[in-house]
Amino acid sequence: MPCRRSWLIQSVLPSTQHQDKPSEKADVLVLDLEYSVATRLKSRARQALREQLLNLDAIQQSAFVRIDWSTRWADVRAAMYRGIQGLVLPGPENPEDIADIDTLMSQMERERGLNQGSTQIVLMLESARGFWNAQSLAQASPRVSALGVGRIDLTMDLKPLPQNEFRLSRYLMSRTVVAARMLGKQPLGAFWRPGTRGGVANPTQTQEAAREAQLMGYRGSFCVNPDQVAAINHGFSSE
Amino acid sequence: MNNRVSRCSMFVTPTNPRFIDKAWTRGGDVYILDIEDSIAPAEKQRCRELIQESIEKANKGGASIYVRINKPFVDADLPYAVWPGVDRIMLPKTQTAAEVQHAHEIISTLEKERGIEPGSIELYPMIESTLGAVNIYEILSALPRKLSSMGGAGGYDMAMNMGIEMFADFDQYAFPVAHVALAAMALDIEATGGVFVPNPSGRVDQADQANRQAAALHEAGIHHAGALHPAFIEPLVSGLSPTPEEIGWAERVKAHFECMTDAGESVDSLEDKIIDRYEYQSALKTLAWGQACAQKDAFKQWAKNRTLNAPTQTQ
């Protein structure tokens, strides 16, 4: 298994924000069709994917695509091209949905000459139902390679506790790492602290969040800013 | 809408005139008429017979009324607890789905007999043991009836069951509380929730502890709390309502997000903060909660005035 500590999420479309190149290469680049693409630009983003995946393949940059759950069928079709290593599915809740996506991925692999079963699935948990079903979600397809915790403070509107952590976050992180380890999946997530809400964590906060997650059993995390990549790589280093 | 707001729900003992007669003047959102742990075994029957008139007494200030029954006496208690004017039945020490199912059937029969809208009385399984915490998902998905959940599983009985120290300076209830809250959230059941606030003193009547608890709950986004002492009512009722600053910010976020969405943007900034769909959803929740609190407060004021202006014999 390649080393996949830092998962840098970047819009498929050129953006006015976050254009800096990371000082360190991200272990995985996640091309985003979801949060960072406005609804009216989705179809343009889908069209741009194929070429971007080819370019990344040429420079041997590991690439995943995060799809938008509400447009998952169109997004999966747009993403399944040479160069893709896997899909990041945000906010999954029902195991049957994962099985359906798996079927579509198999079909795309056949049609487009990709190795059968080679495209992975990373589940990014973002809702109470998803966390409750974490284990059965991870078992819903043999493609699932990682179980990730999204920015639950935002997606689940979890607010701060007096202990300077988000409500339920310790339990949700613990529950997820147990499910991931039990099933041999990579646990992804960082233990974000209050104070980074409404903004993106700076490198110091990011490294602390990664370090704490590493101590909880996690082995990588998503990030949005290029300057978080080095912090995550260091936070998840073994020494 | 009014009975959705329970910033402070306080236990009152119907057998003690000093408590029950004054309760309505204290300003609580909810009074819980207790037939359970605050009532001695020899007093249980007298207490049951006082419930119906206690409803009238306790809601004179616009409060909602819950009744807490006894787990071993569900069949005996419910006929004295299910009346018009009761919003919720609290079922203590719930451990299995069969228990809530049994209570649901009795309540349904009584609703029919007493002209209460079927299914309108909420059932509130109280999780106070490890078995209840483990079975929470089945318990909360057992019924067609509307359920609430404490979204937590702390308290004295849980401490006894788990063999833990109740008044510690760390969160010894972390797992059962979060486990129960997650199950409720996964089932879209309103969870009242709780937040660990260190209280090694073990006292439950101090206003400064009430203020600390209210501030912690507010910060954590939790809207409901229980109280054992009237000193907790005012700090919780005002402390769990949104502040004018929070309402103002939520209004600005809402307006800004709706404009930027019209313009096709998904992320923008306002006053140095990132504005996106998450901030927008959070703002909508703040506004809805603020509106619900304002309605409840207006209703309580109206009910209180009506009682004060009524002829003496009805007070």
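I started with a bend: α1(A) has a kink of about 35°, centred on L49(A). I am working from a predicted model, and I keep that in mind for every entry.

Helix α1 covers residues 42-58 of chain A and has 17 residues. From first C-alpha to last it reaches 25 Å, close to the 24 Å expected at 1.5 Å a residue.

Which residues of α1(A) are buried? I noted K42(A), A45(A), R46(A), L49(A), L53(A) and L56(A). So L49(A), where the kink is centred, is on the buried list, being under 20% relative accessible area. I then checked what covers these buried residues, and found β2 (28-32), β3 (63-66), α2 (72-79) and β4 (84-90) of chain A among the elements that do. Just after the helix, Q60(A) takes a positive phi of about 55°.

Then I moved to chain B and its helix α4, residues 97-113. I found 17 residues there, with a reach of 25 Å from the first C-alpha to the last, close to the expected 24 Å. Its buried residues are V100(B), A103(B), H104(B), I106(B), I107(B), L110(B) and E111(B). Their cover includes α3 (74-81), β4 (88-91), β5 (122-125) and α6 (136-140) of chain B. Just after α4(B), I saw that G115(B) has a positive phi of about 70°.

My last stop was M158(B), in helix α7 (residues 156-162) of chain B. Why does M158(B) count as buried? Because its relative accessibility is 0%. I also looked up its separation from P17(B): 141 residues in sequence, and 31 Å in space from C-alpha to C-alpha.

Conventions
Residues are numbered from 1 along each chain as its sequence is written. Chains are lettered from A and ligands numbered from 1 in the order in which they are written. This is a predicted model: local features need pLDDT of at least 70, side-chain atom pairs count only at pLDDT 80 or more; totals for chains, interfaces and linings use all residues. Side-chain values use heavy atoms; hydrogens and water are left out. Helices (H or I, at least four residues) and strands (E, at least two) are DSSP runs, numbered from the N terminus. The expected span of a helix is 1.5 Å times one less than its number of residues. The bend at a residue is the angle between axes fitted to the seven residues ending there and the seven starting there. Buried means under 20% relative accessible area, exposed over 50%, partly exposed in between (1.4 Å probe, protein chains only). Contact means heavy atoms within 4.5 Å.
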